[in-house]
Each structure stands twice: as C-alpha cells, then as structure tokens.
Amino acid sequence: MTTKARVLDFRDHRRELGQNRYVYAVVSRRAQGLSIGLNLNPGRDCSFLCRYCQVERSAPPQAVPVLLDRLGSELEALLGLVGSGKLWQHPPFDTVRDELRRVADIAFAGDGEPSTSPQLAAAVAMVGLARARHRLEGVPLRLLSNGSGFHTPTGRLALARFHALGGELWFKLDAGTPQAYQRINCSTVPLERILDNLMLASRQRPVVVQSLFSELHGQAPTAAEIHAWVQRLLQVVQSGGRVREVQVTTVARAPRDPACRALGRTRLEAIAAQLRGHGLAASVHPGRWGRRPVLVTAGATRNPIDSMRCITANSSGGTGVALAQALQPDHAVHLLASPQAQLRATAAGIESTELFESTDDLMARMERWVRANPRGIVVHAAAVGDYAPRASAGKVSSGKASWELSLGPTPKILDQVRAWGGPDLVLVSFKAAAPDTGDQALVAIAREQAQRTGSDLVFANVLGRLGERVALVTASTHAWYQQRGDALQALIEHTLLDD
Ligand code: SF4
C-alpha cells in the first residue's frame with residue numbers, strides 16, 4: 001500500500017495536538033509560523049451561523065463550560081514543547097519548513113464565538129501569565145471575534161483584560177445592511193448590537209476589522225451593500241473608534257454552505273480600494289474556494305509505431321502531478337495523465353484523472369475540457385510528441401535487419417488552446433529550451449511562446465538544468481527562481497490563478 005507523505009505547511013490547515021480539547025496548533029500562511037489556537041467552544045456553539053463557516057456542525061451545538069484547569073495544562077504543555085524545541089521532532093511538526101518554526105501568535109479562535117463565553121476573562125488572564133512565564137511577551141495575543149458578547153459584564157471584563165495585555169482584537173464585520181448580514185451571518189443577534197460592540201471595543205484600542213465577501217448562488221454582494229458596509233466603518237471612525245486595518249477576505253476552504261464561493265481578487269481589490277479612498281488601511285486576502293476549475297496535463301504522449309510499439313518523450317509526469325496535488329485543495333482539478341503519470345497521480349491522491357495516449361488523443365481530450373470550461377485554468381505540463389510516425393497496422397515482426405521510420409509533424413496543441421477557450425481562459429505553458437540558452441535568450445523565447453500561444457504565464461528553463469534556474473515569464477514581466485521547487489510554489493500561488 002502506498003502512503004502519502006504528509007508535509008505540514010500553510011496548505012495544511014488541520015489542527016494538531018492529539019487529544020487536546022482547547023489548545024491546538026496550525027501552521028498559518030497569514031501569520032507565517034505556528035499559530036497557537038485557543039478554542040473556548042468545544043461544543044461548537046456560536047452566536048452566528050455564517051454560510052462560509054468551516055466548523056463541522058453535523059451534531060447539534062452545545063454550550064459547554066470551559067474547564068480552565070485543563071485549558072491551562074494543555075497550554076503549558078504546548079508552550080513547554082515549543083520552548084524545548086521538542087515540538088519540531090514530533091510528526092507532523094517535524095516536516096514544517098525551518099522558516100516557519102516560530103510561534104507567530106496565540107489566538108482565541110476555534111469553533112465558536114469567544115466573546116460569549118463566560119470564561120473568556122479568566123482564560124485571557126491565564127494566557128497572559130503563561131505567555132510571560134515562557135518569555136513570549138513579544139508574541140502577539142489575538143482575539144478573533146464577531147463581537148456579540150462584549151456588551152455583557154463578563155464580555156467587558158474580558159475585553160479590558162485583553163487590552164491590558166496589549167492584545168489585538170480582530171473583529172468580524174461582513175455586512176452593512178441587516179439584510180446582507182442575515183444572508184451571510186445568519187444570526188439572531190441584531191446588526192446594531194454588533195456595530196455598538198465594535199464601537200465599544202475600538203474606542204478602547206485600535207482594532208483590526210475582518211470582512212469576508214463571497215459569492216452566494218453565483219451572486220456577488222451588490223454595490224449598494226458594499227457602500228453600506230463602507231459607511232458603517234466610516235461611522236465607527238467618525239465616532240471615535242480606531243480601525244488599524246480592514247482585512248478584505250474571501251472563502252479559502254470548504255464552507256458549510258456549498259453555494260458560498262470565493263470572490264475573485266479583482267473584486268476584493270475594488271472593495272479594498274473604496275476603503276482606501278476614505279483613508280482607511282485595507283489589505284486583501286484572496287481565496288480560491290469554488291472558483292475556476294483546473295486542467296493539468298502530465299507525462300508524455302505515446303505515438304504508435306505499430307500495435308505494440310510507440311515513440312515517447314522522457315517525462316515521468318512528476319511536475320504535472322505535483323501541481324495537480326497542490327492545486328486540488330482549492331480548485332476542482334482534472335488531470336490528463338500518461339500511464340506513468342497516472343500511477344503517480346493515484347499515489348498522490350488526485351481524485352479526477354483521465355488517461356491519454358497519442359498527441360491526437362491528448363488534443364481531443366484537452367479540447368473537450370476547455371470548450372466545456374472556457375473560464376477554467378489550463379496548466380499544460382505534458383511533454384507532447386511533435387513528430388509521429390505513420391503507424392503500421394498490426395505488429396511489425398521482429399528480426400528485421402533494419403527498420404526505417406519516417407516521422408511527420410503532429411498538430412501543435414498549445415497553439416490552439418486559447419482559440420478553444422477564449423479570452424477568459426487562464427493558460428500556463430512550459431518551455432524547456434536548448435542546453436546552451438542564456439538567461440536573456442530564455443526569457444525572449446518564453447515571451448515569444450506567450451505571444452504566439454496566448455499563454456498568460458510560461459514556466460521556462462533549460463534542458464540539462466531542469467532542476468534549477470527557472471523563469472516565470474508573462475507578456476510584460478519575468479521572475480527568476482534558483483530552485484525548480486520554488487518556481488512551482490510561485491506558480492501555485494500566482495495571482496493569475498486568484499481571479
Ligand atoms: S462567527 Fe466564526 S465560528 Fe461562528 S459561524 Fe461565523 S465563522 Fe463560524
């Protein structure tokens with residue numbers, strides 16, 4: 001049986017620490033390191049029921065009190081492991097990249113709303129002491145909240161303690177009208193209550209506002225809804241509230257409501273631009289959940305000589321399979337694979353695969369997918385045989401003194417993909433240039449390929465040095481990477497794939 005190697009990095013959002021009830025750890029992209037999480041809602045009770053929520057709620061939620069002693073001992077054990085360095089010896093943390101082996105923050109987050117927990121104030125005090133005991137005062141303390149409990153006496157006390165520790169409040173505000181608020185957050189708490197509590201908290205210390213925008217049943221928030229949300233934030237600021245930054249985010253992982261999908265980067269940027277136009281700091285955090293489908297091709301074509309033999313290229317399909325595996329958590333990925341690549345794909349857990357054989361066969365399958373997905377993303381990593389013999393019928397007998405083959409050119413698949421898909425398709429192609437190609441020439445060759453084929457991005461390198469020195473080239477830019485792995489990561493994270 002093949003087991004998948006597990007590397008815990010920012011693409012792996014599973015929470016770790018075995019039997020812990022309240023304290024968990026994730027390696028976080030945004031925090032760029034280990035984020036220690038404190039979950040005060042193990043019963044998954046929340047005052048909101050956001051459509052984009054990722055908390056698993058198949059069982060009815062329960063409001064269960066927090067056992068503070070247990071929370072304290074779980075936190076103490078984890079901070080002890082971090083302090084001794086032993087955490088990084090235990091799976092899966094032993095696979096975390098060196099630069100991410102740091103405590104980036106300690107955050108009250110988890111499976112429900114912390115501000116409604118009667119134990120929040122005590123938990124804040126406990127965490128403050130533990131942070132000081134382990135000499136982690138420089139590590140930010142964060143509270144991710146929808147703010148629905150800050151007006152109560154216990155909520156006010158928790159807020160005061162949290163602010164006294166220099167904590168950063170990240171306050172959720174996804175809508176400016178009651179209708180939009182109900183549609184996305186599905187809460188019985190009135191929007192006005194949330195806004196009052198945002199005012200209360202932001203007058204004490206600057207807050208970070210987190211706002212998630214998504215498509216719901218294919219509908220993006222209307223201009224009027226965005227305008228109302230902007231006005232709400234401006235009212236907070238004009239009334240003495242302090243907003244350090246507004247984080248404009250979207251759906252990054254599987255939400256509870258499948259009709260909820262990520263909003264594209266361009267729209268998120270436009271929303272952030274409205275805030276900046278009013279002097280508010282805004283950052284954009286794209287996600288890709290439910291967005292463009294992706295077709296990856298991997299391996300080499302096998303053009304037949306007779307019924308037994310073929311000519312093929314020297315490609316295992318490793319690059320295409322690795323890309324499909326990396327993109328699969330965010331996109332609906334379909335892999336067109338050679339038989340050799342198919343074996344790798346099965347081991348890598350690629351869910352949707354289809355075999356191809358000859359150049360003509362690959363072309364027909366690609367055309368079918370692209371015509372059905374004209375707003376998709378094509379990552380064409382397969383090595384395509386550009387010459388093919390005229391195949392003999394049956395099997396040519398062995399024992400001949402010699403056998404001369406005559407090869408003819410095959411259709412250039414890459415030159416046709418753009419025409420099948422149209423302007424909205426995103427096309428990524430690959431170029432392996434001759435061994436003696438210099439850097440400047442490689443960029444020029446890749447750019448010519450981009451222009452000729454309508455590729456949005458070309459992954460270019462030189463035969464004989466395929467593991468190093470890669471250029472990612474667009475019509476107007478290029479960037480160099482010393483290692484192939486870094487270039488593949490840059491391709492996976494490229495903004496072209498966000499919209
Ligand atoms: S506030 Fe957070 S935990 Fe509660 S439903 Fe919304 S996303 Fe889920």
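A search of the whole structure finds 25 salt bridges, each a side-chain nitrogen of Lys or Arg within 4 Å of a carboxyl oxygen of Asp or Glu. This is a predicted model: local features need pLDDT of at least 70, side-chain atom pairs count only at pLDDT 80 or more, and totals for chains, interfaces and linings use all residues. Residues are numbered from 1 along each chain as its sequence is written, and side-chain values use heavy atoms, leaving out hydrogens and water.

Side chains of opposite charge can pair when their charged atoms come close.

| Salt bridge | N to O distance |
|---|---|
| Arg70 and Glu74 | 3.0 Å |
| Arg142 and Asp105 | 2.8 Å |
| Glu448 and Arg452 | 3.2 Å |

Helices (H or I, at least four residues) and strands (E, at least two) are DSSP runs, numbered from the N terminus. Buried means under 20% relative accessible area, exposed over 50%, and partly exposed in between (1.4 Å probe, protein chains only).

Take Arg142 and Asp105, whose side chains meet in a salt bridge. Arg142 lies in strand 4 and Asp105 in strand 3, so the pair ties together parts that are 37 residues apart in sequence. Arg142 is buried at 13% relative accessibility. Asp105 is buried too, at 5%.

Arg70 and Glu74 sit four residues apart in helix 1 (residues 68-84), about one helical turn. Arg70 is partly exposed at 34%, while Glu74 is buried at 6%.

Glu448 and Arg452 are also four residues apart, in helix 12 (residues 439-453). Glu448 is partly exposed at 41%, and Arg452 is partly exposed at 40%. Elsewhere, salt bridges that share partners join Asp105, Arg142, Glu168 and Arg244 into one network.

Now the chain as a whole. The chain has 13 helices and 22 strands. Of its 499 residues, 49% count as buried. Its C-alpha atoms fill a box of roughly 95 × 50 × 45 Å, taken along the principal axes.

Which residue lies in the loop between strand 17 and strand 18? Gly399 does. Gly399 is exposed, with a relative accessible area of 80%. The C-alpha atoms of Gly399 and Val237 are separated by 87 Å, and the two residues are 162 residues apart along the chain.

Leu407 is found in strand 18 (residues 407-409). At 45% relative accessibility, Leu407 counts as partly exposed.
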